[in-house]
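Trainee: I have some labels to check against the coordinates. Can we go through them one at a time?

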Amino acid sequence: MSALHSCSAPLDLPAALDARVKGSAAADDAASHSLRGSASTTSATPDSLTTGDGAANSAGRRRADSATGPRATVTPPGPQWYGSLMGTGIAATLTQTLGGDLPGGRALAVVLLVVGWVVFAGLTVAFGLRIVRRPAVFAETIRDIPVLAAWGMVSMGVLSIGSATSTVVPAHWPTLAGAAWAVDGVLWSVGTVLGILTALGFGARLIGREVGAPTTAWGLPIVPPMVSATTGAALVPHLQTRPVQLLLVIVTVGCFFLALVLGFVVFSVAYHYHWRVAELPTAAATSAWIPLGVVGQSTAAAQAIAVQAEHFVLPQDVGTLGLVANVYGIAMLSCGVPLIVWATVVTVRGFRRGMPFSPGWWALTFPIGTVCLGLHGLEGGTGVRAFGIASDLVCLVLLGTWTLCTVATVRAVWSRRPAAG
């Protein structure tokens, strides 16, 4: 990991990809701005963004934008936009799950599920058309570090909409339950394979290479296996044979520890850099929430795996599984409290400094949703209602940030023609 500190400026993960696709100076600038928030920090103007307060260039941009508002960047359909699918999918799952506590929650879940599938189909078809028009686009997205991060969002988006489908559809249309779980199984398989590949591939690229300064956005390809652990555990009871069920439990445990170990290393280095060396740039402020994905998702995964593993251990060990899951969840969420405070401070500071819209704003949704999910799971494991109340409150925050990102996305797409891809 010595190469992690070999460069002084943070690496802009998606900027390199879009720069190659667009091939002009103006397009390069748009690409470098578009995903700072969703997958990394800066490359177009490193001097202005590696300093804590933005320096002269950043200040100049803010003054230039003051007359017309913050500069929104709309990039072509691609992996960087799947954060919107992640946020919509988990919002649908949670409004259905917590519908008893949230008036109108279950009806909203149906709406969100429909929106999620429209987003999924639209993004996938549009990205496919870009590839058909210019095959090099796909090759560029699988060659380098920029894409290893961005494809992590694709993995989590697929897993999220699959889980939402198996949560919402059976509750409203019981006769379609079998089809919903079948769809979830297919999407889980696709998302898990893709997620493991991005996690291992990205981890391998960090070893012995000059990859720039650490950033919280490095977590994008690291979190997917943890999402697979949680959603995979939900699939276990719907498998036909006991050996296959056991195999899936083992796979979820493997995904859990893969994401936990890689996440601990990557986020420890990233937090050290942003807390001790250089603060997170304004344009990437929302990426401060990305590490919370591991915090909340692993808490939920521990509960889900413990419940399913009960069927494969001795009766006297069942209580131990639950205890371990509860202790882990309480400890993890306790550690997450200061991280939430820091992410909130950084995000508020970003908005106050005129952070422009980018697909990275969607980082304000999925990680918050995982915290909500973890709190809900912990309520079930411990029986402490306070965790449930906290889960309801966090869900309301999620709906607020989802609305913010949706309105900002629609405004940006409506007012600005997307950059040519």
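Mentor: Here we take the labels in turn and set each value against its cut-off. Keep in mind that this is a predicted model.

Trainee: Why is Thr231 called buried?

Mentor: Its relative accessible area is 10%. Buried means under 20%. Therefore Thr231 counts as buried.

Trainee: Where is Thr231 found, and which residues does it touch?

Mentor: Thr231 is in helix H11, residues 224-235. Residues up to four places away in sequence are not counted, and Thr231 then touches Leu159, Ser163 and Trp188. Each of these contacts has heavy atoms within 4.5 Å.

Trainee: What makes H6 largely enclosed by the rest of the structure?

Mentor: Count its buried residues. They number 14 of the 15, so H6 is largely enclosed.

Trainee: How do you know that the span of H6 is close to the expected one?

Mentor: H6 has 15 residues. The rule is 1.5 Å times one less than that number. The expected span is 21 Å, and H6 reaches 21 Å from its first C-alpha to its last.

Trainee: What makes a space a cavity, and how many does the structure hold?

Mentor: In a cavity a 1.4 Å probe fits but cannot get out. The structure holds 4 of 30 Å³ or more.

Trainee: Which residues lie nearest the centre of the largest cavity, and how does its lining divide?

Mentor: Nearest the centre are Met86, Leu220, Ile290, Ala363 and Pro367, out of 17 lining residues. The lining divides into 11 nonpolar, 6 polar and no charged. Helices H6, H9 and H15 each supply at least two of its residues.

Trainee: What is the volume of the largest pocket, and which residues are closest to its centre?

Mentor: The volume is about 690 Å³. Of 31 lining residues, Thr97, Thr230, Ala234, Ala304 and Leu373 are closest to the centre. Helix H13 gives the largest share of the lining, 7 residues. The pocket lining has 12 nonpolar, 17 polar and 2 charged residues.

Trainee: What makes a set of residues a nonpolar core?

Mentor: The residues must be buried, of the listed nonpolar types, and joined through side-chain atoms within 4.5 Å. The largest such core has 82 residues, and Tyr82, Leu94, Leu113 and Phe120 have the most contacts inside it. H9 supplies the largest share, 11 residues.

Technical notes. Residues are numbered from 1 along each chain as its sequence is written. This is a predicted model: local features need pLDDT of at least 70, side-chain atom pairs count only at pLDDT 80 or more; totals for chains, interfaces and linings use all residues. Side-chain values use heavy atoms; hydrogens and water are left out. Helices (H or I, at least four residues) and strands (E, at least two) are DSSP runs, numbered from the N terminus. Buried means under 20% relative accessible area, exposed over 50%, partly exposed in between (1.4 Å probe, protein chains only). On a 1 Å grid over the protein atoms alone, a cavity is a set of points where a 1.4 Å probe fits but cannot get out, and a pocket is an open set with protein on both sides within 12 Å along at least five of seven lines; lining residues have an atom within 4 Å of a point. Grid points are joined across faces, edges and corners, and a volume is the space filled by probe spheres set on the points. Ala, Val, Leu, Ile, Met, Phe, Trp, Tyr, Cys and Pro count as nonpolar, Asp, Glu, Lys and Arg as charged, and the others, Gly among them, as polar.
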